[in-house]
Amino acid sequence: MNRIFLISLSVLLLAPMTVRSDERIYETKNICGRYYAAEISGGEAARLLGLKGSGRVSSRVEQYCNFFR
């Protein structure tokens, strides 16, 4: 009985995490696609992706987006 409770609890806790990660991946691919299609600038893409820091923003965005290609 104790195992069934633990298994059902773990399933209930892990299911929302999977959905949120899938949404984040889709959102990231959408932002990167808009960046490569030149619909948004490197600074705007970095802001939407949550990349912080100064300097070569577009190269950081490209490195981040290449991971999702």
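Analyst: Happy to! A salt bridge here is a side-chain nitrogen of Lys or Arg within 4 Å of a carboxyl oxygen of Asp or Glu. Please keep in mind that this is a predicted model, in which local features need pLDDT of at least 70 and side-chain atom pairs count only at pLDDT 80 or more, while totals for chains, interfaces and linings use all residues. Residues are numbered from 1 along each chain as its sequence is written, and side-chain values use heavy atoms, with hydrogens and water left out.

Let's get our bearings. The protein has three helices and zero strands (helices are DSSP runs of H or I with at least four residues, strands are runs of E with at least two, and both are numbered from the N terminus). Along the sequence, the pattern reads α-α-α. Of the 69 residues in the protein, 17% are buried (buried means under 20% relative accessible area, exposed means over 50%, and partly exposed lies in between, with a 1.4 Å probe and protein chains only).

How many salt bridges does a search of the whole structure find? There are three. Let's begin with the pair Glu44 and Arg47, whose closest N and O atoms are 2.7 Å apart. Glu44 is partly exposed, at 29% relative accessible area, whereas Arg47 is exposed, at 54%.

Glu27 and Arg24 are three residues apart in helix H1, so about one helical turn separates them. Glu27 is partly exposed at 38% relative accessibility, and Arg24 is partly exposed at 31%.

The remaining salt bridge joins the side chains of Glu39 and Arg34, with 3.9 Å from N to O. Glu39 counts as exposed because its relative accessibility is 58%, while Arg34, at 29%, is partly exposed. Now look at Ala38, which sits in the loop between H1 and H2. Ala38 has a positive phi of about 65 degrees although it is not a glycine. Most residues other than glycine have a negative phi. Ala38 is also exposed, with 65% relative accessibility.

Next, what do the surroundings look like? On the H2 side, the contact is made by Gly42, Gly43, Ala45, Ala46 and Leu49, and on the H3 side by Val57, Val61, Tyr64 and Cys65 (contact means heavy atoms within 4.5 Å). By class, this contact has seven nonpolar, two polar and no charged residues (Ala, Val, Leu, Ile, Met, Phe, Trp, Tyr, Cys and Pro count as nonpolar, Asp, Glu, Lys and Arg as charged, and the others, Gly among them, as polar).

Helix H1 deserves a look as well. Leaving out residues up to four places away in sequence, Thr28 touches Leu49, Tyr64 and Phe68. Leu49 and Tyr64 also take part in the contact of H2 with H3.

Tyr26, found in helix H1, is exposed with a relative accessible area of 62%. The C-alpha atoms of Tyr26 and Phe68 are separated by 9.7 Å, although the two residues are 42 apart along the chain. Lys29 also lies in helix H1 and is partly exposed, at 47%. Between Lys29 and Phe67 there are 9.9 Å from C-alpha to C-alpha, with 38 residues of sequence separation. Across the protein, residues 24 or more positions apart account for 34% of the contacts with a separation of 6 or more.
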